[in-house]
Amino acid sequence: MLRVRDCILQMREYHSPLDDSAEDLRLDMNESTIGCSPRVLAKMRSLDAKCLARYPSREQGENLVAAFLGLQPSEVLLTNGADEAIDLLCRAYLDAEDELIIIVPAFAMYEIFAQGSGAKVVRVPAEPDFSFPAARILQAISSRTRMVIITNPNNPTGAIAHREDILKVLAAAPDAAVLLDEAYFDFCGQSMIDQVGKVPNLFVARTFSKAYGLAGVRLGVLAGDTMQLSALRRACAPFNVNLLALECLGEALADQPFVDTFVQQVKATREWLRGQLESLGFKCWPSHTNFLLCDFGATKQVVLQGLRSRGISLRDRSDLKGCIRVSIGTQAEMERVLAALKQVLQKQAAR
Ligand code: PMP
């Protein structure tokens, strides 16, 4: 009988909230609600049928991204979203019985991709205030550790890890691929990209899905040591990044004023919303990203359902008691969220 490998059968399914998402105001996927730069859109619209008929080549895009990041093209691999970069690293470095260290709460895809290799996932809890558990990660590193993933800033907590702590982990696990997932880098500005090429076991992942508003186009970057990346290129499908993504990459990078304005707006709106939620008595954790994690306590389900019925989707972090993750949209959108929330709470109080 045809049989799928056990490690695939045991993989947890990723339940995307998308099927159930409100089309009206979707604040559950950390997407941009304003979309990409008009320059990117103009470039896409200019593409003709002949252009779309060709297989895409990553080379020019990798040159552009390398120049943008101050790296060599050999230190950059373009991927089908940061997701593919994570999957590729798991496939390249993890054998069954190897160990992958992640810090929980974490982005769900790490475990899912790791399960595909049959490796053991070692979950190190963040500190109670969600700060980076440096000492416990160092303790968790063993002779079996072949990968460590650090999300900086973290999803879903919004917390950051400090550079010195990350360097300690890199030094303590020289035989492990250490992935710095910098998907939310643009909202925070701290990066380890300057260490690529200097520290051979370091990989940095970035994405165009968040600040660049291109989640639907699927474009990510994996930066790392030239030797390691040359091996990874073998494991990667030759046309992993589609032509639309590659064609608009130059315009996306060139329109930094668009990204900067968007990031400034998101940060200001995030802090405004945080103040509002806290004045309603709900704890929010400091965030360096385009989302807030908020503790709604016993009212969590009422809030989720009440907002859903008003066309707004927020993310239930079922792994964190009482907590909801709210992506930050425009100021007007977040004012709508707040007004809807107040209505829901009033209705609940009147019961
Ligand atoms: N890493 C983290 C921490 C994320 O939150 C996400 C997306 N939500 C990704 C990676 C994947 O991003 P992409 O859309 O580039 O695959």
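In the predicted model, Arg26 has Ser313 of β11 as its bridge partner. This pair belongs to the parallel pairing of β1 with strand β11 (residues 312-316), which extends over three bridges. Both strands are part of an open sheet of five strands, arranged in the order β1-β11-β12-β10-β9 and mixed in its pairing. The edge positions are taken by β1 (25-27) and β9 (283-284); each has a single partner strand, so one side of each remains without a neighbour in the sheet. In general, the strands of a sheet pair through backbone hydrogen bonds, in either the parallel or the antiparallel sense.

Helices pack on this sheet. Helix α11 (residues 256-279) touches β9 and β10 (291-295), and the direction of α11 makes about 10° with that of β10. Helix α12, in turn, lies across β11 and β12 (323-327) and runs at about 150° to β11.

Helix α12 (residues 300-308) also packs with helix α13 (residues 331-349): their axes come within 9 Å and cross at roughly 125°. The crossing of the two helices, α12 and α13, is right-handed. On the side of α12, the contact is formed by Val302, Val303, Gly306 and Leu307, and on the side of α13 by Ala340, Leu341, Val344 and Gln348. By class, six residues of the contact between α12 and α13 are nonpolar and two are polar, with no charged residues.

A further helix pair is formed by α5 and helix α9 (residues 226-235), which pack at an angle of about 100° with their axes 10 Å apart. The angle makes α5 roughly perpendicular to α9. Leu88, Arg91 and Ala92 of α5 make the contact with Ala231, Leu232 and Ala235 of α9. Five residues of the contact of α5 with α9 are nonpolar, none is polar and one is charged.

The ligand is surrounded by 13 residues, the closest being Gly81, Ala82, Asp83, Thr207 and Ser209. Classified by residue type, the shell around the ligand comprises seven polar, four nonpolar and two charged residues.

Note on methods
Residues are numbered from 1 along each chain as its sequence is written. This is a predicted model: local features need pLDDT of at least 70, side-chain atom pairs count only at pLDDT 80 or more; totals for chains, interfaces and linings use all residues. A residue is near a molecule or strand if its C-beta atom, placed from the backbone, lies within 6 Å of it. Ala, Val, Leu, Ile, Met, Phe, Trp, Tyr, Cys and Pro count as nonpolar, Asp, Glu, Lys and Arg as charged, and the others, Gly among them, as polar. Axes are lines fitted to C-alpha atoms, for helices over the stretch in contact, and angles run from 0 to 180 degrees between N-to-C directions. Helices (H or I, at least four residues) and strands (E, at least two) are DSSP runs, numbered from the N terminus. A crossing is left-handed if the near helix is turned anticlockwise from the far one by less than a right angle, and right-handed if clockwise. Two residues are in contact if their C-beta atoms, placed from the backbone, lie within 7 Å. Two strands pair if DSSP finds at least two bridges between them. Angles under 35 degrees count as roughly parallel, over 145 as roughly antiparallel, 65 to 115 as roughly perpendicular and the rest as oblique.
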